[in-house]
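Walk through this structure with me, one feature at a time.

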Amino acid sequence: MKKILIIVIISSFFISCDKVTNPYPSGNVVVPTDVVYDDSVSSSPNSTVRYVLLEEYTGHKCPNCPAGAVYANAIDSAYGDTVIVTSIHGTNFASTNPGTGMYETDFTTEAGNDYISAFGISGIPRGTVNRKNDGSNNVELIAPPGWENEVKNQKALPCDVKIDIKNWFSTSDKILKTEISSEWLNTGASTYKLTVYIIEDNIIDWQLDGATNIPNYRHRHVLRKAINSSWGTDIPASAVGSKDTQEFLFDFKTETWNYENCIVVAYIYDATTKEIIQVAEAHVSSH
Amino acid sequence: MNKQKTFYGTLKKSLFLLLIPIASNHIIAQDDESNNSNTEQNKIDAGNISGNFQVLTQFYQPDSLIGAKDVPEDVLMNGFLNLNYNRGNFSAGIRYEAYQNPLLGYPTGFKGQGIPYKYAKYSHEDIEVTAGNYYEQLGSGMIFRTYEDRNLGYDNAMEGFRVKYQPFAGVQLKGVIGKQRSYFTLGQGIVRGIDGEITINDLFKNLKEKKTKVLLGGSFVSKFQPDEDANLVLPENVGAYGGRLNIIRGGFNFMGEYVYKINDPSGDNGFIYKNGEGVLVQTTYSTKGFGLSLSAKRIDNMSFRSDRNAALTNLMINYHPALTRQHSYNLLATLYPYATQPNGEVAFQGELIYKIPKKSKLGGKYGWTILVNYSSANNIDTTGISGIDSTRQGYTSEYFSLGKVYFKDFNIELAKKFSKSFKAKLTYANIAYNKDVIQGKSGYGVIYADVVVAEMTYKFNSKNSLRTELQSLTTEQDQGDWATVLLEYSRSPHWFFAIMDQYNYGNHDPKKVLHYPTISMGYNNKATSFIITYGKQREGLFCVGGVCRAVPASNGVSLLITTSF
């Protein structure tokens, strides 16, 4: 018995494995050992209703996009927390004019470019509503007037999974720790992934509106980064009752963004169809 | 002869005093104790020293026709000396190596000299402990095997500790920990492993005498390497495990092993995070005059190194047994030999040996030996994950489906002794060889070749014999047809003389229709031998057990000296 115990103890030293579910670093954050998270924000509960993510594809040189944004902002106001809007800048309309004093900010993102390529987006403004499919595994690109109708359709679908976001923020070190928890209310029939965005609201910068260059246009809900890569990380199980928690770090010191206007958006989507089945948001800080 | 004895005697004493201070102290203590009695003094056991020495030197001459490059040093040399001390349960040793500079075709990382191998080992009752360098294999080696092959320039020795322990009769445990040799330094990764093997028959009294023997084994190996990559989250601890079963009954032997490895992104697999797995099944049956073996293997993403960025044969933790025949004839062995593909391979081999008995109608006075062997290796059938692969799985694979052909070898060998003075062997091989994959080249595709070899040995008398090989390789592809003629005269026990010519008579480029002649002679005296060779070496591949080294073209004189004591 003594020999067996010794063997078991010795063996345990050799057993070590690191299973990596997300190969991509979340912002390569170096966290000081003495970091103090002095602020925290949580998302509102979404356990009964399917929330909706409206992804609006836009560009600061797109003359028709401000008109599209009007639709997006109206939906955002009308549906409150249950509809989350994200503006994704891309295509040729998002090019910059460095050194000219106009359109110098690059609002494009790696994730945004991946989606534009994957979903075949060319003309903007266009939007996806929970990345609803057109029936042939293609994400349906909807013109602004059609957004609200699809929002209503999506909200009528059952809530299969709930997402809770808990953000901790260190005001001194400008480090965000976000914890995304999910729990399945109905069994999902596919495999699912979690993607986490940081978006920034109320950025004042140039925008072309018709033929007019507006220097102080208010850009809403701008996608800044998908912090766990464009296509996210695996949700390990989708049986009813399955729970999952994933944690990500982000260092705002490396960016020029105003963290007080930044929001964490987390959504779960069907890995096959790309359809989003739940989404939640929470501000980075309470300030 | 006496001079030689004296030299070795002096060498043994000197090295013993220089190299084994701990043992020396022990001997002095014994000496002190034994001063009281001459009889006791005579019984001092000072242990013994053994070892071996080899140096291979080559003088190079450029030869633009065969592609032999100019070597700035003119002369290159590989050499080593092994020294082992043994006394009772204790042993220790070192190996000094020098490469000044490494011979062409050997990794240039060997450049230099030093003592990369040193160890001390002690065993007592049921435990054995090794500190320093050691070679070890767990199971068939698919998740752990460290070994050395000097001709390949391969050495992945561990440096650390190894413990072998037998807690009960029939149970053998091994634990290893350390870093691997990388030329004259150590790799960055730390390798840990544990293995247990149970001989079921030894555990139960009523099974001890049973004819059927059953062995069960299991291993776990992990490596640690820090994640210093800015773009990926790399697993710092990568584990692999395996289980095996061996059943033996009379001439029948079955061995099966399954291994699994968790995510191990590396340069070999393009930094994908897919798990790896492998299975090996081997069955042999042998009885007097008859032998049959059947083997199958499937490996998927099983490259396992202690440095994820290492390449070539560096810092490999595991080994994949080659299911192909190891040929020895020049054209067969070095033009199209197979190298195992750890990223994915499905391989099969069957071999039958039958000896037609002496004095039978068919066998004649001395009988015949027939060997038929077939082996094949294909890629696994994979489908790349296109578009979105956020977890970097890379591909999916069909378990029971074959991908493109890597290698096929059907060969048959007939051996016949015709008289007391004459024997002959005839070999035919048909080979399919995917040069693009096996040699990492492009544009060659799968090469099909037929090889015929006739080997004849004539003994003039008990001391003098002549051996000849006539080889032919025909193919429409690559370098075209080849022929080799070898004549080797031996005058035992000391001398041999050989002349060989390889002729690439079928090369499609008339400028490359060339002869590669060599002459060599050797002198053996007990444990010492000298071999001198002059001639042209064609470009080729040298493989042992599916592990290969490229051999560049060269021209010049080489001298090999080996001795052991």
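Is Tyr259(A) buried or exposed? Tyr259(A) is buried, at 13% relative accessibility. Buried means under 20% relative accessible area, exposed over 50%, and partly exposed in between, with a 1.4 Å probe and protein chains only.

Some ground rules come next. This is a predicted model, in which local features need pLDDT of at least 70 and side-chain atom pairs count only at pLDDT 80 or more, while totals for chains, interfaces and linings use all residues. Residues are numbered from 1 along each chain as its sequence is written, chains are lettered from A and ligands numbered from 1 in the order in which they are written, and side-chain values use heavy atoms, with hydrogens and water left out.

Back to the ring. Rings of Phe, Tyr and Trp (its six-membered ring) pair if their centres lie within 6.5 Å; planes under 30 degrees apart count as stacked, over 60 as edge-to-face and the rest as tilted. Over all chains, the structure holds 34 aromatic pairs. One of them joins Phe169(A) and Tyr259(A), stacked at 4.6 Å centre to centre with 25° between the planes. Phe169(A) sits in strand β5 (residues 161–170) of chain A and Tyr259(A) in the loop between β12 (243–251) and β13 (262–270), so the pair ties together parts 90 residues apart in sequence. Helices (H or I, at least four residues) and strands (E, at least two) are DSSP runs, numbered from the N terminus. Phe169(A) is buried, with a relative accessible area of 0%. In chain B, Tyr147(B) and Tyr154(B) also form a stacked pair, at 4.5 Å centre to centre and 25° between the planes. Both of these tyrosines are buried. Chain A also holds an aromatic cluster, formed by Tyr115(A), Phe119(A), Tyr197(A), Trp231(A), Tyr267(A) and Tyr269(A).

Now chain A as a whole. Its secondary structure comes to 4 helices and 14 strands. Of its 287 residues, 51% are buried. Contact means heavy atoms within 4.5 Å. Among contacts in chain A between residues at least 6 apart in sequence, 74% join residues at least 24 apart.

Inside chain A, look at Gly112(A), in helix α3 (residues 110–119). Gly112(A) is buried, at 0% relative accessibility. Beyond its neighbours within four places in sequence, Gly112(A) is in contact with Ile88(A) and Leu223(A). Its C-alpha atom is separated by 6.6 Å from that of Gly90(A), 22 residues apart along the chain.

The backbone has some exceptions. Most residues other than glycine have a negative phi, and most peptide bonds are trans. Lys174(A) has a positive phi of about 60°, and lies in the loop between β5 and β6 (175–184) of chain A. Lys174(A) is partly exposed, at 26% relative accessibility. Ser229(A) has a positive phi near 80°, and is buried, with a relative accessible area of 16%. The peptide bond from Ile124(A) to Pro125(A) is cis, with omega near 5°. In chain B, a cis peptide bond joins Gln100(B) and Asn101(B), with omega about -20°.

Chain B has 6 helices and 29 strands. Buried residues make up 47% of its 565 residues. Gln180(B) lies in strand β9 (residues 171–182) of this chain. Gln180(B) is buried, with a relative accessible area of 0%. Its side chain reaches the backbone oxygen of Met316(B) at 2.9 Å.

Finally, the cores. A nonpolar core is a set of buried Ala, Val, Leu, Ile, Met, Phe, Trp, Tyr and Cys residues joined through side-chain atoms within 4.5 Å. Which residues have the most contacts inside the largest one? They are Phe144(B), Val221(B), Tyr336(B), Phe407(B), Tyr433(B) and Leu473(B), in a core of 49 residues. Elements that each supply at least two residues of this core include β13 (237–249), α5 (330–334) and β21 (446–459) of chain B. The largest share, 4 residues, comes from β21(B). Apart from this core lies another, of 27 residues, among them Ile165(A), Tyr192(A), Val196(A) and Ala266(A).

Methods
Polar contact = N/O pair within 3.5 Å; in protein donor to acceptor, adjacent residues only side chain to side chain.
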